Amino acid sequence: MPHSYKAIIFDCDGVIVDTETMSNNIYTSMLREQGLDIDKKTLLEQFTGFTNQETMRNAERLLGRALPENFDQEYREQFHQMIMTQLEPISGVRELLQKIPTPIAMATNARRLEMDLKLNKIQLTDTFSVRFCVEDVKHGKPAPDLYLKAAQALNVAPEDCIVIEDSVTGIKAGCAAGMKVFAYSAEMDQATQTAAGATACFDSMSDLEILLGLS
């Protein structure tokens, strides 16, 4: 039976656009050059959904030393180039967004420049006219600040919002905000997402339409 809701708040990376695969591939390659090989489990648990600063701290902890000063800048340059040449929306996203009758918003751990670049590239800037990035709050995900700020902007109580997420970090943020969280599992482990607090998991946007009562 579909869940009741008055608004939907989307994460961006890994939910609207497949940037997390891009980002993880770049990080894996760059960290290997530094002498650190990370497996998929570590990648998903410690490098997916976090801010860049947190990701670098996790890498330095695993590596046992500081990363080169230009590491973050080099990562951003590679990521920007990949966005400009390869970025596409997740399959079925456009069709899903056209069917949603309730207010929607975006809440992402990315910086504003990156968020706006992605939305502009896939021509969804107007669709997500209500959007917030990590620079808009004191604490990014897994703290609830971003999702609470989005709910406030939509004038909808947190308990009446559904969050669409994929990463453990984002799922925890949505749960901490008192919202139901639907987790996109195409590239993630459902058991891990459920353990993080996901209300339901889905493998495609058509499955999400069913969860939302749109089809």
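Visitor: Why is Phe 128 called buried?

Guide: Buried means under 20% relative accessible area, exposed over 50%, and partly exposed in between, with a 1.4 Å probe and protein chains only. Phe 128 has a relative accessible area of 0%, so Phe 128 is buried. The model is predicted: local features need pLDDT of at least 70, side-chain atom pairs count only at pLDDT 80 or more, and totals for chains, interfaces and linings use all residues. Residues are numbered from 1 along each chain as its sequence is written, and side-chain values use heavy atoms, with hydrogens and water left out.

Visitor: What makes the pair of Tyr 75 and Phe 79 stacked?

Guide: Rings of Phe, Tyr and Trp (its six-membered ring) pair if their centres lie within 6.5 Å; planes under 30 degrees apart count as stacked, over 60 as edge-to-face and the rest as tilted. For Tyr 75 and Phe 79 the centres are 5.6 Å apart and the planes at 10°, so the pair is stacked.

Visitor: Why is Lys 118 called buried, and what does its side chain contact?

Guide: Lys 118 has a relative accessible area of 1%, so Lys 118 counts as buried. Its side chain makes a polar contact with the side chain of Asp 13 at 2.7 Å; such a contact is a pair of N or O atoms within 3.5 Å, where within protein one must be able to donate a hydrogen and the other to accept it, and residues adjacent in sequence count only if both atoms are side-chain atoms.

Visitor: Why does Lys 138 count as exposed?

Guide: Lys 138 has 76% relative accessibility, and therefore counts as exposed.
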